[in-house]
Amino acid sequence: MPIHLSCSILIRRNVHSWSLDSYQGNSSFSGGGFIPGRLQNKVIIVTGGGSGIGRASALCFAEEGAKVVIGDVDIKGGEETVRMIKSSGHEAMFVKCDVSVIEDAKNMVDRTTEKYGRLDCAFNNAGIEGVNAPVADYPNEIWDKAIGVNLIGVYHCMKYEIEQMLKTGGGSIVNNASILGLVGFPQASAYVAAKHGVLGLTKTAALEYATKGIRVNAVCPGFIKTPMLERGGITTNPELMRYVTELHPMKRMGRPEEIAESVIWLFTEASSFVTGISLLVDGGYVAQ
Ligand SMILES: NC(=O)c1ccc[n+]([C@@H]2O[C@H](COP(=O)([O-])OP(=O)(O)OC[C@H]3O[C@@H](n4cnc5c(N)ncnc54)[C@H](O)[C@@H]3O)[C@@H](O)[C@H]2O)c1
């Protein structure tokens, strides 16, 4: 039996902190010959690929045979993800990109096609948390920034990704929304409004390009253990951590690679009749 350490096996093994160095990827040579990964040779953009869900996803996509373009405003984080991918013999490139700046989004897609000749898939994942404050007290400039990155940034990226995908006959786009794209959450109005907006944008683009070979979907993660939650003080405060964990019927937080797996499904032909969905990956949070 060939060695096959895919993302799903990593999930079953409950691997929290991992790198490609630690295992042999899916697209590999074994006794039975070459085993293509599920994303073999696909060219994929991952925004916010320098940390958390974006980094874990980029590592999984590369393991599945993709050429990955990391777009991130954080140069250090983005370059580190590329280093991790390359050190395992896979292909990746970093492009500095602030998704809230439209020229940056265009440049990211241009650089991708200059280097790899095409764009097959995009995971529009870059996001920021904003601050905790009720609507009347929410600082205006942070509201604008949260909407600018979390909603307008997704629009900027989609605009140029779709333009490029139309040239080659199609592609698959996945936007990272949140459970908070479907339900409210006190003290997080800008984030919640942006994520609801991402789902509306996703559905509309899905309708517009349904006959043009481009599928557009969203994933809606529950609380996932990443630096975003660390900054929010959740993962560093045991009481808060218990509270947030208890909000999920599965009584745990999600892991970044569990989101990556759902995105891989949406990128492949396994989901060929799926467009416009908001895929909950939330341990049952929204079912309550
Ligand atoms: N962690 C969670 O619980 C959770 C739950 C649901 C949805 N999400 C969403 O998942 C996505 C990733 O979040 P994460 O938890 O991995 O956070 P993270 O902070 O670990 O990673 C976010 C990445 O986005 C990058 N980024 C921020 N602003 C950017 C900009 N303007 N342009 C380009 N890149 C930018 C950061 O540099 C970072 O690398 C976000 O959209 C977030 O809203 C997270």
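Helices here are DSSP runs of H or I with at least four residues, numbered from the N terminus. Helix 2 packs against helix 3 (residues 75–86) at an angle of about 25°, their axes being 10 Å apart; such axes are lines fitted to C-alpha atoms over the stretch in contact, and angles run from 0 to 180 degrees between N-to-C directions. The two helices, helix 2 and helix 3, are therefore roughly parallel, as angles under 35 degrees count as such.

This is a predicted model, in which local features need pLDDT of at least 70 and side-chain atom pairs count only at pLDDT 80 or more, while totals for chains, interfaces and linings use all residues. Residues are numbered from 1 along each chain as its sequence is written.

Helix 5 and helix 6 (residues 189–208) form another pair, packing at an angle of about 15° with their axes 8 Å apart, which means that helix 5 is roughly parallel to helix 6. Their crossing, too, is right-handed.

Taken by itself, helix 5 has 28 residues and spans 39 Å from its first C-alpha to its last, close to the expected 40 Å, a value given by 1.5 Å times one less than the number of residues. A kink of about 40° is centred on Ile152 in helix 5, and just after this helix Gly169 takes a positive phi of about 95°.

Around the ligand there are 30 residues, of which Gly48, Gly52, Gly127, Thr226 and Met228 come nearest. Helix 2 (52–63), helix 5 (140–167) and helix 7 (227–231) are the elements that each give two or more residues to this shell.

Methods. A residue is near a molecule or strand if its C-beta atom, placed from the backbone, lies within 6 Å of it. The bend at a residue is the angle between axes fitted to the seven residues ending there and the seven starting there. Angles under 35 degrees count as roughly parallel, over 145 as roughly antiparallel, 65 to 115 as roughly perpendicular and the rest as oblique. A crossing is left-handed if the near helix is turned anticlockwise from the far one by less than a right angle, and right-handed if clockwise.
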